[in-house]
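Biologist: I would like to learn how to read helices and aromatic rings in a model. Could we go through one together?

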Amino acid sequence: MFNVVIFGAPGSGKGTQSQNLIDEYGLYHISTGEVLRDHIARNTELGKIAQSYISQGQLIPDDLMVDILEDLLDKNPKETAKGVIFDGFPRTVPQARALTEMLEKKGSKVHAVVGLEVNDDELVDRILKRGRETGRADDNLETVKKRLDVYHNQTLPLRDFYTSEGKYHAINGSGDVSKIFESIKERLDKVKQN
Ligand code: AP5
Ligand code: MG
C-alpha cells in the first residue's frame, strides 16, 4: 500500500488535489466529509448525528469517526489494496493514533502527509464562493469561522505529530492548482522511491 494523508484547513484544496492524486497514483479516495454528507442526504441515523455537528462547524466525536473509518477500510479490501488517500481524516491526535493502529493491522503505515498551507483570508474567500456556487450547507460565514477555529485548535497539532515522525510535507496551497500538484508529486515521488 501507498498511503497518503492530505491535510489542511477547510477550503485548502484537499478534495481538489485528491482528484489529481487518484489519477496519478491510482489510490482509493476516502473523504470523511463526503461520506458524512452522503449519510445526511440519505437521512440515515449517522446522517442525523453528523448533521448536528457539521451545521455547527464542530467535529464528529473521535470514537464514531474511527468506527466509520475502520468500516470503510474493511469493506473495500480490493479498492484499498494499492493504497489510500485520506482526505479529512485524521483531524485530531487520537484519530491519528487510531489510523496508525488500523494500518498496522494491515502491515502498513502512513507514508506521507501532504499539508496544504493557505492563509485564512483566502480560505474564507474560497469557501464563501463555493457556498454561493454549490449551496454546500456549511459554507457560510458563521460556520466557516467556527470550522477555522476548530482547525487551529484541534487539527493543526497534527502538523507537529507528523513532523516528529518525519512524514509532514508542507506545500504552499495558494496559486495555480496544477502547479500545486506538481510540488506535491515531486515530494511523493521521492517518498515512493525510498
Ligand atoms: P470536510 O468535507 O472534510 O470539509 P473541510 O475540511 O472543511 O474542507 P473542504 O471540503 O471545505 O475543503 P477542501 O480542503 O477539500 O478544499 P476543496 O478542494 O474543496 O468536512 C466537513 C465537516 O465534516 C467538518 O467540518 C466536520 O464537521 C466533519 N468531519 C469530516 N471529517 C471529520 C473527521 N475526521 N473528524 C470529525 N469530523 C469530521 O477546495 C475548496 C474550494 O476552493 C473549491 O471551490 C475549489 O474549487 C477551490 N480551490 C481549490 N484549490 C484552489 C486554488 N489553488 N486556488 C483557488 N481556488 C481553489
Ligand atoms: Mg473537501
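This is a predicted model: local features need pLDDT of at least 70, side-chain atom pairs count only at pLDDT 80 or more; totals for chains, interfaces and linings use all residues.

Biologist: How do I describe a pair of rings?

Modeller: One gives the distance of the centres and the angle of the planes. A search of the whole structure finds 4 aromatic pairs. In one of them, the rings of Phe2 and Tyr25 have centres 5.9 Å apart and planes at 55 degrees, so this pair is tilted. It joins distant parts of the chain, with Phe2 in the segment before S1 and Tyr25 in helix H1, 23 residues apart. For Phe161 and Tyr162 the centres are 5.0 Å apart and the planes at 85 degrees, which makes the pair edge-to-face.

Biologist: Which charged end sits over the ring of Phe2?

Modeller: That of Lys192, 5.1 Å from the ring centre. Phe2 itself is buried, with a relative accessible area of 6%.

Biologist: And how do I read the faces of a helix?

Modeller: An α-helix has 3.6 residues a turn, so residues three or four places apart point the same way. In H10, the buried residues are Ile180, Phe181, Ile184, Leu188 and Val191. Down the axis of H10 they fall within an arc of 95 degrees, so they line one face. Lys179, Glu186, Lys190 and Gln193 are exposed on the other side of H10.

Biologist: What do the buried residues of H10 pack against?

Modeller: Their partners are strands S1, S4 and S5, along with helix H1.

Definitions and conventions:
Residues are numbered from 1 along each chain as its sequence is written. Chains are lettered from A and ligands numbered from 1 in the order in which they are written. Side-chain values use heavy atoms; hydrogens and water are left out. Buried means under 20% relative accessible area, exposed over 50%, partly exposed in between (1.4 Å probe, protein chains only). Helices (H or I, at least four residues) and strands (E, at least two) are DSSP runs, numbered from the N terminus. The arc is that of the directions from the helix axis to the C-beta atoms. Contact means heavy atoms within 4.5 Å. Rings of Phe, Tyr and Trp (its six-membered ring) pair if their centres lie within 6.5 Å; planes under 30 degrees apart count as stacked, over 60 as edge-to-face and the rest as tilted. A charge sits over a ring if NZ of Lys or CZ of Arg is within 6 Å of the ring centre and within 35 degrees of the ring normal.
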